Amino acid sequence: MPAVVTPEHMARAQQFKQLWSRYQQSRDLISVGAYVAGGDRDTDLAIALQPQLVTYLRQGLNDKISMGESEAHLQSIFAPAPGG
């Protein structure tokens, strides 16, 4: 991957993987309501972004998108919310 993407794209991909992993590690606590918001900043962010992370990972078998579209979608996940 480092040979074919920009450093910025690589950084976003790494951030995506870290958040996905953090959510998966905390999944049991989250699902039973034992995780307390504010306990861990990265876990809070992973929870907040979970719907976008799942959407990014889901692609139909016959869906085709360009590398640029994929990168733009990845970038949009980490874009600041309007007004925030």
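Trainee: Where is the place of Gln-50?

Mentor: Gln-50 sits in helix H2; helices here are DSSP runs of H or I with at least four residues, numbered from the N terminus. Keep in mind that this is a predicted model, where local features need pLDDT of at least 70, side-chain atom pairs count only at pLDDT 80 or more, and totals for chains, interfaces and linings use all residues. Residues are numbered from 1 along each chain as its sequence is written, and side-chain values use heavy atoms, with hydrogens and water left out.

Trainee: Why does Gln-50 count as buried?

Mentor: Its relative accessibility is 11%, and buried means under 20% relative accessible area, exposed over 50% and partly exposed in between, with a 1.4 Å probe and protein chains only. Therefore Gln-50 counts as buried.

Trainee: Which residues is Gln-50 in contact with, leaving aside neighbours within four places in sequence?

Mentor: Those are Trp-20, Tyr-23 and Gln-24, where contact means heavy atoms within 4.5 Å.

Trainee: What angle do H1 and H3 pack at?

Mentor: Helix H1 (residues 7–31) and helix H3 (residues 67–77) pack at about 55°, with their axes 10 Å apart. Axes are lines fitted to C-alpha atoms, for helices over the stretch in contact, and angles run from 0 to 180 degrees between N-to-C directions.

Trainee: Why is H1 called oblique to H3?

Mentor: Under 35 degrees is roughly parallel, over 145 roughly antiparallel, 65 to 115 roughly perpendicular, and the rest oblique. The angle of about 55° falls in the rest, so H1 is oblique to H3.

Notes
Helices (H or I, at least four residues) and strands (E, at least two) are DSSP runs, numbered from the N terminus.
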